[in-house]
Amino acid sequence: MAGKIIRTIGVLTSGGDAPGMNAAIRSVVRTALGKGLKVRGIRRGYQGLLNEEIIDLSARDVSETIQRGGTILQTARCEEMRTEEGQQKAAAICKKYGIDGLVVIGGDGSFAGAQRLANYGVNTIGIPGTIDLDIACTEYTIGFDTAVNTAMEAIDKIRDTSTSHERCSIIEVMGRDAGYLALWCGIANGAERILMPEEHDYDEDAIIADIQESRKRGKKNYIIINAEGIGDSVNMAKRIEEATGMETRATIIGYMQRGGSPSCKDRVYASIMGAMAVDLLLEGKSNRVVGYKHGEYVDFDIDEAITMKKAIPEYQYEIAKQLAL
Ligand code: ATP
């Protein structure tokens, strides 16, 4: 449907929330209003679209939101949107409310929904919003910077008490399928081990041997960053304590990584990506996702974007291991 005239833009947040989503919403709203468009906010992601939870948004509705974590539009997962009937219904609701262009802020799954809507004639643009950094077409995803700094600060605090008590600490960070948060915390917090879903075959016996060896070398603590996708941190701590005799505690940082006021980086990237999404819609583009690659803001075809795979950079992982000497 490229070339269609856009008069009303819809915006929704979908999948897991991420700090900076509000900055993206604000940017979409104000850019669109500034260019003479009408803006409709859709609450609770695709579920809210199917339930017709649609509100008009003014410039004032997004006042005082740039510094707030979470998403003022709320977010949800929606099974119905995965079905053809759900997708057709969602497209029909967009038409009913005059939404010619839709900005979807979320992860790969959310982009798949946007792709289906584009097939049914709603011009869609995706903005990468996820703390996981796991979207292949972009080097940056909104929320990662805040989340990784929150986790890093928490781990620093755990390290203090871990050193005082000469403990081993297993710290579980978010990342069901992606190990970026774990990798970055591993490097930033100087962890001895990083366990990531991408490296599933971790060797617990080797970790135990390394802990024993490191104690002989006079190390006062041992930090293991464990990604949520591997999990089992509490049992792992029991097994390690039993085998090494070193007091071992597990801490699951959990949802606090999702919340909090977005960092400067998240606010700025979100603001630029939000404006760019509106501009792409005004250029008549659809089925695209905004990204950041090689120092520039770019856009990709969604079909291509969601089939790309993002691997953990092996060299960075090797560096993390070297620095744990
Ligand atoms: P994150 O993984 O960071 O939480 P995400 O956008 O990848 O973000 P998902 O739960 O995978 O999160 O997807 C969000 C929503 O997008 C789903 O609940 C569903 O409504 C929709 N969606 C996901 N996959 C598809 C698909 N293949 N077709 C249509 N809609 C989809």
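Modeller: Let's start with polar contacts: pairs of N or O atoms within 3.5 Å, where within protein one must be able to donate a hydrogen and the other to accept it, and residues adjacent in sequence count only if both atoms are side-chain atoms. Ser 110 puts a polar side-chain atom 2.5 Å from a ligand oxygen, while the side chain of Arg 116 has an N or O atom 3.5 Å from a ligand nitrogen. On its own the ligand has 620 Å² of accessible area, and the protein covers 85% of that (Shrake-Rupley method, 1.4 Å probe).

Bear in mind that this is a predicted model, where local features need pLDDT of at least 70, side-chain atom pairs need 80 or more, and totals for chains, interfaces and linings use all residues. Numbering runs from 1 along each chain as its sequence is written, and side-chain values use heavy atoms, with hydrogens and water left out.

Now for the whole shell. There are 17 residues around the ligand (a heavy atom within 4 Å), and those that come nearest are Gly 16, Arg 77, Cys 78, Gly 109 and Ser 110. Helix H4, residues 108–119, gives the largest share of this shell, with 6 residues (helices are DSSP runs of H or I, at least four residues, numbered from the N terminus). By class, the shell has 9 polar, 4 charged and 4 nonpolar residues; Asp, Glu, Lys and Arg count as charged, Ala, Val, Leu, Ile, Met, Phe, Trp, Tyr, Cys and Pro as nonpolar, and the others, Gly among them, as polar.

Key. Helices (H or I, at least four residues) and strands (E, at least two) are DSSP runs, numbered from the N terminus.
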